[in-house]
Amino acid sequence: MLDATGFKRMRYSDLLEQMEEQARAKYGENVSTSALSPLGILLRIFAFFLAYVWQGVEQVYYSAYRDTATGISLDRIAPQVGIKRFQEQFSFGEIAIVGTPGHTLTEGTVVGTGTRYFVLNDDVTLDDDGKAAADITAQEAGSGWNVAARTITVLLNPDANVTSITNPAPIAGGRERETDAEFRARFQQSVAGGGAASVDALRGTLLRLPSVRAVAVIENTSLTSDTEGRPGKSFQCYVLGGDEQEIADAIFQTKAAGIETHGDIAREVTDIAGYRHNVKFSRAEVVNISVHANIKRTSQYPSDGDEQVKSEIIRYIGGEYEGSYFNGLSMGAQVVYNKTISAVYKVSGVDDVELTLSGDSKNIEIAPYQVARISAADIEVSSHV
C-alpha cells in the first residue's frame, strides 16, 4: 500500500492473515484454515505467490529514487542530472619498435608482457633508422591491463625483422564498469550541476566528465590577490583525474563571463564565435594515507577477513581495490580516525582494533585542494585471537 509515509509491502504473513479473515467471513468462524486443511493449503499457495508480486511492486517503487535504485534503473534516472555510468574501458598507450628499416607491422599485430597482450591500432612502417612508434590497445577491458613502463617486450608471433619492442611509458586507461556504489556516490556529488556560473555548478559539471574523481573549487571574492596568489574576483578548480582539454572546455562553458580562472595548467578554448580564451586550473594534490590495523578476532572472523578489512578502509578513504575505484572522501575532507576504526568493525568477527593512520592515532587534516587516497599495499592488517 502507498500512503503519505511511502510504500509498505504486504508480506507473506500479512497476506495469509487477511486471506484467513476473508475465508472466515465467507464460510463462517468455524471454517478450518490450518496448514493441513484443503482451504488452508490453497490460501498459503496464493499468499506465497502474491508475496512475490508485492516484492516486485516494491522494487519498481524504489527504482525511481537515487538512493535505492540499482542496475539499469539507476542508469535511467541518472541522465536527469546529466551523468552516465562509466563503462568498462580498454587500456591504451604507445610502444617503441626497433628493427629492419622499411619493414611493416600490420594492424592487429599482437604484443604483450607474457601475461597481458595488446594489438597494434594501425599499420606501422619502420623508418630509415629502423625505428617507429605505434599505438596499442588492450585485448580486454579492465584495470588489470594497465601495465608499468618497459614491461611490454614480447612479440606474439616472432619476426626476424623486429629486434626489440618496449613501452617507454605506462599503458593506462583501463577500468571496470562503474559499480552501483561508485555511480551513486558520483551521482550524489553532481546533483548541483544543472545550473551555471556557480561554485556548485562548476563542481557538478566537472564531476560528470569521464575519469574525474574529485573536484574542489576555491574562489577569491575580494578585489585583491589572496595569500595563494589567486587574483581578485577569480576562482581556481582543483581536479583529480580527467582529460585536460575536456576539463578546460567544461570550465569555460559553466563559468560566469568576465570572471578569471586561475591555476598552473592553461588550455586554449575556442568559443562559438571563434574567439580563443585561456582557461586555467590545477591538479588536485593526492595525500597518500597508510594504515596499520592490529585486530583481535573472534571465531566469526571470516577466512578472508584481512582482505575485507582492506576493502572497507579503501571504501571509506577512497582508492582502487580489485579493479573497482571508490570515490571515498571528497576533496578537502579530513581522514577521521574514529571513522576509519568504524570501517574495520563492519567486518564480522572483529572484537577489538588498534589502528594507526600514517603512523599516528589522530585525524589527518586535508587541505581544500588535497584529496586523501589509499591503496591495498598501504594497508597492513594483522589479526590474532
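Reader: In this predicted model, how many bridges join strand 17 to strand 22?

Author: Strand 22 covers residues 379–384 and runs parallel to strand 17. Within this pair, Ala293 stands opposite Val381 of strand 22. The number of bridges joining the two strands is 6.

Reader: Which residue in strand 20 stands opposite Ile295?

Author: Strand 17 (residues 291–297) also pairs with strand 20 (residues 350–357), here in the antiparallel sense. This pairing extends over 7 bridges. The residue of strand 20 that faces Ile295 is Val353.

Reader: Which helix gives the most to the nonpolar surface patch?

Author: The patch includes Tyr12, Ile41, Phe46 and Val57, and its residues together have about 1100 Å² of accessible area. The main contributor provides 10 residues and spans residues 38–62. It is helix 2.

Reader: Is Leu42 buried, partly exposed or exposed?

Author: Leu42 lies in helix 2 and is among the residues of the nonpolar patch. Buried requires under 20% relative accessible area and exposed over 50%. Because its relative accessibility is 46%, Leu42 counts as partly exposed.

Note on methods:
Residues are numbered from 1 along each chain as its sequence is written. This is a predicted model: local features need pLDDT of at least 70, side-chain atom pairs count only at pLDDT 80 or more; totals for chains, interfaces and linings use all residues. Side-chain values use heavy atoms; hydrogens and water are left out. Patches are made of residues with over 30% relative accessible area and no salt bridge: like charges are joined within 9 Å, nonpolar side chains (Val, Leu, Ile, Met, Phe, Trp, Tyr) within 5 Å. Accessible areas come from the Shrake-Rupley method with a 1.4 Å probe; for residues, only the protein chains shown count as cover. A salt bridge is a side-chain nitrogen of Lys or Arg within 4 Å of a carboxyl oxygen of Asp or Glu. Helices (H or I, at least four residues) and strands (E, at least two) are DSSP runs, numbered from the N terminus. Buried means under 20% relative accessible area, exposed over 50%, partly exposed in between (1.4 Å probe, protein chains only). Two strands pair if DSSP finds at least two bridges between them.
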